[in-house]
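Q: I've got this one open on my screen. Walk me through it, please.

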Amino acid sequence: MSQALAFSQSTARSLEKRRHSRVQLALLGRYMLPNFREYPCQTVDLSPGGVSMLAPAKPEIGQRVIAYIEQIGRVEGLVVRQTSDGFAMTIAATGRKREKLASQLTWLINKQVLGLP
């Protein structure tokens, strides 16, 4: 099997793991780690199932994080990946909360695209 084919198959498998498509949206916020320390953050992309953030302190994979994101509110979940400048986390939420989050994200993206105040 060629390397290109192996890469494309592994990429396709990793993309299939996401249940929700992410939207690029930069929102400010803060997050709290289990030791109760808070840090500022900024979202890179979000979905009803997860968020990637720029953050000064990188929590360990599997660690619980609570974040307060402007225009979204409180979200919590587990860290699934560290990045060079932050981390990505799942969002633990009920179906109703996910639907509300999806609606909020749709509104925010439309607001951004249309240039609304």
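A: One term to start: buried means under 20% relative accessible area, exposed means over 50%, and partly exposed is in between, using a 1.4 Å probe and protein chains only. This is a predicted model, where local features need pLDDT of at least 70, side-chain atom pairs count only at pLDDT 80 or more, and totals for chains, interfaces and linings use all residues. Residues are numbered from 1 along each chain as its sequence is written, and side-chain values use heavy atoms, with hydrogens and water left out.

Q: OK. How many helices and strands does the chain have?
A: There are 2 helices and 7 strands. Along the sequence they come as α-β-β-β-β-β-β-β-α.

Q: What about contacts across the chain, how many join residues at least 24 apart?
A: Counting contacts between residues at least 6 apart in sequence, 48% join residues at least 24 apart. As for burial, 32% of the 117 residues count as buried.

Q: Switching to strands. Which way do β2 and β5 run, parallel or antiparallel?
A: Antiparallel: β2 (residues 28-32) and β5 (residues 64-69) are joined by 4 bridges. One of the partners in β5 is I69, which bridges to G29. Two strands pair if DSSP finds at least two bridges between them.

Q: What does β5 do with β6?
A: β5 pairs with β6 (residues 73-83) in the antiparallel sense, over 6 bridges. R64 sits opposite L78 of β6. The two strands make a hairpin with 3 residues between them.

Q: Where does F36 lie, and what is its accessibility?
A: F36 is in the loop between β2 and β3. F36 counts as exposed because its relative accessibility is 67%. F36 also has a positive phi, about 70°, and is not a glycine.

Q: Now charges. How many salt bridges in the whole structure?
A: The search finds 4. The criterion is a side-chain nitrogen of Lys or Arg within 4 Å of a carboxyl oxygen of Asp or Glu.

Q: Which residue does R64 meet in a salt bridge?
A: The side chain of R64 meets that of E76, at 2.8 Å from N to O. R64 is in β5 and E76 in β6, so the pair ties together parts 12 residues apart in sequence. R64 is partly exposed at 42%, and E76 is also partly exposed, at 21%.

Q: Who else bonds with E76?
A: R74 does, with the closest N and O atoms 2.7 Å apart. Through shared partners, R64, R74 and E76 join into one salt-bridge network. R74 is partly exposed at 39% relative accessible area.

Q: And D45, what does its side chain meet?
A: D45 meets R22 in a salt bridge, 3.0 Å from N to O. That pair links distant parts of the chain, 23 residues apart: D45 is in β3 (residues 38-47), and R22 is in the loop between α1 (3-16) and β1 (23-24).

Q: Is D45 buried or exposed?
A: D45 is buried, at 17% relative accessible area, while R22 is partly exposed at 22%.

Q: Last one: which residues form the nonpolar patch on the surface?
A: V113, L114 and L116, with about 330 Å² of accessible area together. Patches take residues with over 30% relative accessible area and no salt bridge, joining like charges within 9 Å and nonpolar side chains (Val, Leu, Ile, Met, Phe, Trp, Tyr) within 5 Å. L114 is in helix α2 (residues 95-114), and L114 counts as exposed at 61%.

Q: What's the accessible surface of the chain?
A: About 7,500 Å², with 56% of that belonging to carbon and sulfur atoms. Accessible areas come from the Shrake-Rupley method with a 1.4 Å probe, and for residues only the protein chains shown count as cover.

Terms used:
Contact means heavy atoms within 4.5 Å.
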